[in-house]
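Please keep the model open while reading.

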Amino acid sequence: MTISDINELYNRIWRGGYPALHRNLNRNLNHYFDSYLQTYLERDVQALTQVGDKGAFMALMQSAAARTGQQLVYADIAKDAGISPKTAKNWLSILETSGIITLLPPYATNTIKRLSRSPKLYFMDTGLCAWLGNWTSAASLQSGAVSGAILETWVFGQLYRALGSRGLRASLCYYRDSNGNEVDFLLECDNKIYPMEVKRSSSPTAGDLKAVASIPTGKAEMQPGIVLCTAREMFSLGHGHKAFPISAM
């Protein structure tokens, strides 16, 4: 279903994608997520591994939610939760195994280099992420400090689920180098690379994809880029690049 405007988009992001919240739009989100987290901590987490300090585990989840869309630094999350980086890594693996988060690997032409670099962390449900971050309304989320990161998180979820549902043999990663060049998503498929950048703007330009030129492609073929933005219609950015409305995802 196409989303009509940016306010509706952020309302969708804030509410998240759990079916129970869409079957009953009047359902209290606080009650729902509080109950969901209690069940998750008592049943799913305990089934995966023994977590002795549920309070610290909850603090880790809140810290991770505040860092959605960012490069993962275990020491920072560990400090927030009052645990060791090793414990933070173990507990984040629980969140990943149970589908709460996904870690997006960095792009590299060499597999070993890719494995040695930090992934980016994304929550799979933006409603849960917003609730953990104590964003009490779609309007506050839209105007708040994590507005861009939560939008990128929502786009990531849409891309991730679309690839999975279509059974495509493609890999999704991100690009960042030591000079500050960054591209939010790279889709690698059939020896071709499709770069994608996420912008809150409704009027992006080809300049939003300038970092693409710095990506070493090896034997792969770089394709024209896409800026996923808040425009209402798709339009050309020149040189084969296109702007595509997030609301149509």
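Contact here means heavy atoms within 4.5 Å. The model is a predicted one.

After α5 comes G82, which has a positive phi, near 70°.

Two of the covering elements, α4 and α6, also pack against each other. Two packed helices are described by the angle between their axes and the distance between the axes. For α4 and α6 the angle is about 75° and the axes are 11 Å apart. Angles of 65 to 115 degrees count as roughly perpendicular, and α4 and α6 are therefore roughly perpendicular to each other. On the α4 side the contact is made by A56, F57, L60, M61 and A64, and on the α6 side by A88, W91, L92, I94 and L95. By class, this contact of α4 with α6 has ten nonpolar residues, with no polar and no charged ones.

Another packed pair is formed by α1 (residues 6-15) and α10 (residues 147-166), whose axes come within 10 Å and cross at roughly 75°. Helices α1 and α10 are therefore also roughly perpendicular to each other. Here α1 contributes L9, Y10, R12 and I13 to the contact, while α10 contributes S147, G148, I150, L151 and W154. The contact of α1 with α10 has six nonpolar, two polar and one charged residues.

Terms used
Residues are numbered from 1 along each chain as its sequence is written. This is a predicted model: local features need pLDDT of at least 70, side-chain atom pairs count only at pLDDT 80 or more; totals for chains, interfaces and linings use all residues. Side-chain values use heavy atoms; hydrogens and water are left out. Helices (H or I, at least four residues) and strands (E, at least two) are DSSP runs, numbered from the N terminus. Axes are lines fitted to C-alpha atoms, for helices over the stretch in contact, and angles run from 0 to 180 degrees between N-to-C directions. Angles under 35 degrees count as roughly parallel, over 145 as roughly antiparallel, 65 to 115 as roughly perpendicular and the rest as oblique. Ala, Val, Leu, Ile, Met, Phe, Trp, Tyr, Cys and Pro count as nonpolar, Asp, Glu, Lys and Arg as charged, and the others, Gly among them, as polar.
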